[in-house]
Amino acid sequence: MTNIEKYNEAFISSFGINEDALCGLEYQGIAQWDSVGHMQLIAALEEAFDIMFDTDDIIDLNSYERGKEILKKYEVEI
Amino acid sequence: MSEILERLCKISPYELKKEEKDEIYKRALSELTKHHYETCPEYKKILDAIGYDVNIEQASEEQPMIPVRLFKEYELLSVERKDVVKTMTSSGTSGQKVSKIFLDKENTKNQTKVLAEIISSYIGKQRLPLLILDTRLVLHDRNMFSARGAGIIGFSTFGRDTAYALDENMNIDIKSIQEFVEKHKGEQILMFGYTYMIWQYVVCALREVGVRIGMENATLFHIGGWKKLRDQAVDTLTYNTSIREALGNVKVYNYYGMAEQLGSVFVECEYGHMHCSNYSDVIIRRTGDFSVAGFNEHGLIELVSLLPTSYPGHVLLTEDEGEILGQDDCPCGRKGKYFKIYGRIKGAEIRGCSDTYEQH
């Protein structure tokens, strides 16, 4: 799987949504991406890329697009 | 995030001394009061009724306080309903009305950020393996998201590889705990739970079966009411000692906060003193006339927080009794007021997160 595929899959499996819902998706934008869903997403991303986010980045990761930016800090290019 | 909060997030959370804090709070709270006055109609009515002028800056003690009970009687919002992303409900036993706290994105984010600043000043920025001393079941029904579930999920931000100590029937899962401890040997372990439930379902449960968990280096944060424990004559010292007997080498931090002011919590230091951080303050009111009590004087606890923007909860009169022990001079080195809590005043409802858990 490419990085973008892994990245998308983390969102899709955490929230049970389709790929076409990803663009523009924001924290609290859908019912599934609440605080519980957020921690599921974080766990899925950490497992997919074998990284560990800093607490600040967990709080900052508030949209599908922002997540790509944050992953760059962990040397993951989407 | 407001300019003041952003500035505060750049310094350590226990750095502000009296003079500086008074000045910041006078400005910040006056701004918040004005904001809520302009955006929350019910709040405006209250302030108009007491003839409060929001255009004059006032010190913390002069800010209008709202009894926490009001959040049970009314739905108080300072944002449009469509912008509410989370409605927090306070713990309450059946038959009691619950508080409803309406949060928008900005308010939620600030709460998380500030809680992170406070907790990481104790455990560092590194995320630690986390053992929740509760059942994962409390997270299931998201529509009725209680303060108990919110506390757990809020704390999960500081952890990784999260495990739960209790199974779905609230029975202690010794095997899972032991596996977790074994897996993270040599690491610092973080634990979170509710005061009374830890006592009942972890400490007493382990004692009953005669099992001791040998953690080498762990830190526990716990929150919730002490009423049931006091009824069993369990004080802080007994509690902490029993935790260590049951679980091993554990640093125990009790903290205090309400659903009405999540984020800006108060943590008990190594000397047994509850501390205000830069983000919060405490005022003690005399029960007779609500005048400001001096240090070492018993009274009602008024809680002040810089965080509430989507609901008018920045200055709250609680139903808890306490006293202020000092300011800026605790031997632990943290600045700000430090205080002691004595629990609910007589006649108030039971509503601590851990006190309201009912066995079925």
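## Ground rules and confidence

Residue numbers start from 1 along each chain as its sequence is written, while chains are lettered from A and ligands numbered from 1 in the order in which they are written. Since this is a predicted model, local features need pLDDT of at least 70 and side-chain atom pairs count only at pLDDT 80 or more, whereas totals for chains, interfaces and linings use all residues.

The model comes with ipTM 0.80 and pTM 0.88.

## Chain A in outline

Chain A has four helices and zero strands (DSSP runs, H or I of at least four residues for helices and E of at least two for strands, numbered from the N terminus). Along the sequence that reads α-α-α-α. Its radius of gyration, taken over C-alpha atoms, is 11 Å, close to the 12 Å that the globule rule gives for 78 residues, so chain A is as compact as a globular protein of that length; the rule is 2.2 Å times the number of residues to the power 0.38. The C-alpha trace spans about 30 × 25 × 20 Å along its principal axes.

Buried residues (20 or more other C-beta atoms within 10 Å of their own; exposed means 12 or fewer, partly exposed in between, with C-beta atoms placed from the backbone) make up 26% of the 78 residues in chain A. As for contacts (C-beta atoms, placed from the backbone, within 7 Å), take those in chain A between residues at least 6 apart in sequence: 51% of them join residues at least 24 apart.

## Where A meets B

On the A side, 10 residues are in contact with 16 residues of chain B. Helix H2 (35-49) and helix H3 (55-60) of chain A each supply at least two residues of that side. By type, the A side divides into five nonpolar, three polar and two charged residues (Ala, Val, Leu, Ile, Met, Phe, Trp, Tyr, Cys and Pro are nonpolar, Asp, Glu, Lys and Arg charged, and the others, Gly among them, polar).

## Two helices of chain B

Helix H7 (residues 174-183) of chain B buries Ile177(B), Phe180(B) and Val181(B). These cover an arc of only 95° around the axis, which puts them on the same side of H7(B); the arc is that of the directions from the helix axis to the C-beta atoms. Over on the other side, Lys175(B), Glu179(B), Glu182(B) and Lys183(B) are exposed. The cover for the buried residues includes strands E4 (128-135), E5 (159-166) and E7 (215-223) of chain B.

Helix H6 (residues 147-156) of chain B has 10 of its 10 residues buried, so it is largely enclosed by the rest of the structure. Arg148(B) is one of those buried residues.

Setting aside neighbours within four places in sequence, Leu133(B) contacts Ala165(B), Met191(B), Phe192(B), Gly193(B), Ile198(B) and Val202(B).

Most residues other than glycine have a negative phi. Glu75(A), not a glycine, has a positive phi of about 60°. This residue sits in the segment after helix H4 (64-72) of chain A and is exposed, with 8 other C-beta atoms within 10 Å.

Asn296(B), also not a glycine, has a positive phi of about 60°. Asn296(B) lies in the loop between strands E11 (280-285) and E12 (299-305) of chain B, and counts as exposed with 11 C-beta neighbours inside 10 Å.

Conventions. Contact = placed C-beta atoms within 7 Å.
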